[in-house]
Amino acid sequence: MSKEPVAPPRQRMRADARRNFDRIVAAAGVLIAERGADASLEEVARQAGVGSATLHRHFPSRRALLEAVFKDRVEALCARADDLLSAPDPGEALFTWLRAVGAHAVANRGLGASLMRGGDPTLGGTCHDMVVNAGDALLARARAANAVRPEIAVTHLLKLVSAISLATEQEPDGPAEADRLLAIAIDGIRAH
């Protein structure tokens, strides 16, 4: 099975091409949050202020565009975890990050599932590993501070956040409902 072509690395692009690339990814992110992973590519191009040909030059397939959006978001989520590693309260740092993971999942409305459907799961696997490693570091600090129950694993937390996001993604007030449910779950994670 041949791999689909992916977008060229940004660091080798001319400045104007890099700006177009970034605008396309940003526009796609907004539309995915509003309409889900099946948002129209023509609408993405329009919102980015580029022509359809420019979009397809950077992203020869819908999957390539979705991967770029997903990877940028996962990198930001992992950077947030790194920032929280120096927070004074390790338990609150973990819970803050879990809320960020929940907001990420709600904002991505079907993006992860779209990437896993019928394609090479390499990127999804890499992003998953990045998130697990970031969460593991925060969880280890929280565990050492006795802020969470000792039997909790990062995979439990990520499944819980994912399930909450999936359950609330189609609701009109999905992000707020997801946050309420996550607050209930976090209370059950805390060490008693």
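Biologist: At what angle do the axes of helix H1 and helix H2 cross, and within what distance do they come?

Modeller: Keep in mind that this is a predicted model. Let's begin with the general idea: two packed helices are described by the angle between their axes and the distance between those axes. Here, H1 covers residues 15–35 and H2 covers residues 41–48. Their axes come within 8 Å and cross at roughly 125 degrees. That angle is why H1 counts as oblique to H2. The crossing also has a hand, and for H1 and H2 it's right-handed.

Now for the residues that touch. On the H1 side you'll find Arg 23, Ile 24, Ala 27, Ala 28, Val 30, Leu 31 and Arg 35, and they meet Glu 43, Val 44, Gln 47 and Ala 48 of H2. Sorted by type, the residues of this contact come out as seven nonpolar, three charged and one polar.

UniProt, in an unreviewed entry, puts a "DNA-binding region" at residues 40–59.

Finally, step back to the whole chain. It has nine helices and zero strands, so its pattern along the sequence reads α-α-α-α-α-α-α-α-α. The chain has 192 residues, and 43% of them count as buried. Take the contacts between residues at least 6 apart in sequence: 71% of those join residues at least 24 apart.

Technical notes:
Residues are numbered from 1 along each chain as its sequence is written. This is a predicted model: local features need pLDDT of at least 70, side-chain atom pairs count only at pLDDT 80 or more; totals for chains, interfaces and linings use all residues. Side-chain values use heavy atoms; hydrogens and water are left out. UniProt positions are given in the numbering used here, feature names are shortened, and annotations may be inferred rather than shown by experiment. Axes are lines fitted to C-alpha atoms, for helices over the stretch in contact, and angles run from 0 to 180 degrees between N-to-C directions. Helices (H or I, at least four residues) and strands (E, at least two) are DSSP runs, numbered from the N terminus. Angles under 35 degrees count as roughly parallel, over 145 as roughly antiparallel, 65 to 115 as roughly perpendicular and the rest as oblique. A crossing is left-handed if the near helix is turned anticlockwise from the far one by less than a right angle, and right-handed if clockwise. Contact means heavy atoms within 4.5 Å. Ala, Val, Leu, Ile, Met, Phe, Trp, Tyr, Cys and Pro count as nonpolar, Asp, Glu, Lys and Arg as charged, and the others, Gly among them, as polar. Buried means under 20% relative accessible area, exposed over 50%, partly exposed in between (1.4 Å probe, protein chains only).
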